[in-house]
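Here is a short report on aromatic rings and helix packing. Have the sequence and the model open as you read.

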Amino acid sequence: MDHCFSEELFLKNKTGSYLYHTYAETLPIVDYHCHLAVQEIYENKEFEDIGEMWLAHDHYKWRAMRTFGIDEYYVTGGASYYEKYMKFAEILPRLMGNPLYIWCALELKRYFDIDEPLSLDNARDIYKRTKDFIRENHMTPRWCMERSHVELVSTTEDPVDTLEYHFKLREEGCTGPKIITAFRPDKAFYCENPVFPEYQKQLSGAAGLEIHGFTDMIAALEKRLSFFRDFGTTVSDDGIEDFTWEEYTVSQVEEVYRKAAKGEALTRKEQNRFKSAFMVEMGKLYNKYGFVMQLHIGTYQDANHRKVREIGRSTGFDCTDDSTAIQSVGALLNRLTELGELPKTILYPLDPSKLETFAVLAAGFCDGSFRGKVQLGAPWWFNDQPYGIERQFHAAGNLYAVSLSVGMLTDSRSFLSYPRHELYRRGLCSYLGELVERGEYFSDEKYLKEVIEDVCYRNVKRFFGWDKQQGNAALE
């Protein structure tokens with residue numbers, strides 16, 4: 001066995017290998033959706049060690065460690081990053097088939113020039129080598145982005161956020177990737193949450209408007225959306241975990257808001273009315289201000305209530321859910337279409353069994369205003385591994401043109417996550433190579449080149465309007 005990283009990883013045919021190494025490998029990265037902490041980008045502190053870089057924020061690794069029975073002390077507890085790293089190194093050789101194995105291999109190779117697999121046998125040696133490398137190269141968040149040829153990053157912030165560190169980065173005039181943000185109004189969407197009443201006060205203060213009802217809340221959100229647009233972003237992001245369309249009247253929605261603002265219990269029908277009205281109004285605002293509407297669909301948050309109470313949210317206890325019906329999302333898109341207010345939209349179904357149905361739904365709402373106006377998003381969250389990427393190409397390619405896709409994102413809190421773009425590009429080129437070698441595609445090579453460059457780089461800039469903002473960049 002060859003115990004080192006192979007540059008032919010996931011390139012399953014000669015044509016795919018040629019396409020990847022010729023056209024895709026060196027393209028810049030546009031990471032249009034992630035959860036990086038902007039404060040960390042601004043402060044740009046040198047990392048402590050590989051333990052911090054891998055285990056400070058990564059709920060994928062935390063969940064894997066728990067499955068092996070590792071005590072929480074070494075996962076999110078008080079153990080040092082070195083101790084956590086050693087516990088993770090112990091299980092990594094046993095994660096064959098899990099994306100963590102290949103992600104870690106890629107991260108060691110791309111950031112530290114280490115091409116041997118990590119195990120408990122060499123963990124101390126690799127720890128020392130990576131720690132020395134961090135010190136010698138002064139590895140910081142921006143260093144990682146520049147190393148990966150990242151051109152633009154869009155983080156995610158709440159409407160009440162002042163964007164303090166975004167402005168500080170801009171005032172600093174730092175070189176390197178452009179950092180923007182996405183508008184994520186989930187706390188206003190989930191009217192049943194206990195934090196909803198307090199959040200209304202925060203939103204009122206941020207917008208400088210008194211909020212007495214649903215209409216006032218939407219007006220406050222519009223002020224904040226305008227603030228984000230003035231900063232230069234065109235990205236919105238809505239998490240609709242279990243969205244069910246429900247017809248509503250204005251008076252009904254105002255009554256639901258009144259109850260929610262007092263912290264009163266809401267029926268499921270009341271919640272659905274509120275959320276349906278909310279998404280229609282936000283869709284109208286996104287269209288008005290030129291935002292892309294991203295809908296993340298089908299998550300089952302915080303399944304293990306006891307552990308979430310002990311450790312906190314977004315710590316590895318979320319799951320995939322299938323409760324959001326295609327017809328509910330279709331009803332939302334249809335209502336906005338009837339109003340002439342449908343913005344450019346990306347649909348991210350978390351349930352892999354619904355990839356094809358959402359691809360068909362997206363195609364049904366495209367029109368002559370923009371190529372791929374409504375489209376199936378990148379394989380997201382539990383699907384963003386090599387097999388999920390390959391599955392999506394095969395499942396949706398015959399229903400929605402792969403060539404129109406805006407490509408991959410990281411959806412990550414880690415500054416080492418950019419090799420996920422590499423895996424996506426390898427999967428894309430292997431898929432295209434497979435079609436060529438089976439005789440299913442025999443157009444000129446120049447079209448393959450254009451498609452690869454579009455999917456991996458150009459489409460996303462056109463879709464979000466960044467090609468106009470940034471002027472002549474690579475390939476433009």
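Which are the buried residues of α5? They are Lys-84, Tyr-85, Met-86, Phe-88, Ala-89 and Ile-91. Buried means under 20% relative accessible area, exposed means over 50%, and partly exposed lies in between (1.4 Å probe, protein chains only).

## Basis

This is a predicted model: local features need pLDDT of at least 70, side-chain atom pairs count only at pLDDT 80 or more, and totals for chains, interfaces and linings use all residues. Residues are numbered from 1 along each chain as its sequence is written, and side-chain values use heavy atoms, with hydrogens and water left out.

## Helix α5 and its cover

Helices are DSSP runs (H or I, at least four residues), numbered from the N terminus. The cover over the buried residues of α5 includes α3 (50–55), α4 (59–67), α6 (99–112) and α7. Contact here means heavy atoms within 4.5 Å.

## Aromatic pairs

Rings of Phe, Tyr and Trp (its six-membered ring) pair if their centres lie within 6.5 Å; planes under 30 degrees apart count as stacked, over 60 as edge-to-face and the rest as tilted. The count is 33 aromatic pairs. Take Tyr-82 and Tyr-127: their ring centres are 4.7 Å apart and their planes stand at 75°, so the pair is edge-to-face. This pair links distant parts of the chain, 45 residues apart, with Tyr-82 in helix α5 (residues 81–91) and Tyr-127 in helix α7 (residues 123–137). Tyr-82 is partly exposed at 28% relative accessibility. Tyr-127 is buried at 13%.

Now take Phe-274 and Phe-278. Their ring centres lie 6.2 Å apart with planes at 20°, so this pair is stacked. Both sit in helix α14 (residues 268–289), four residues apart, about one turn of the helix. Phe-274 is buried at 0% relative accessibility. Phe-278 is buried too, also with a value of 0%.

## Where α11 meets α13

The axes of helix α11 (residues 196–207) and helix α13 (residues 250–261) come within 8 Å and cross at roughly 100°. Axes are lines fitted to C-alpha atoms over the stretch in contact, and angles run from 0 to 180 degrees between N-to-C directions. The two helices are therefore roughly perpendicular (65 to 115 degrees). Phe-196, Pro-197 and Gln-200 of α11 make the contact with Tyr-257, Ala-260 and Ala-261 of α13.

Technical notes. Angles under 35 degrees count as roughly parallel, over 145 as roughly antiparallel, 65 to 115 as roughly perpendicular and the rest as oblique.
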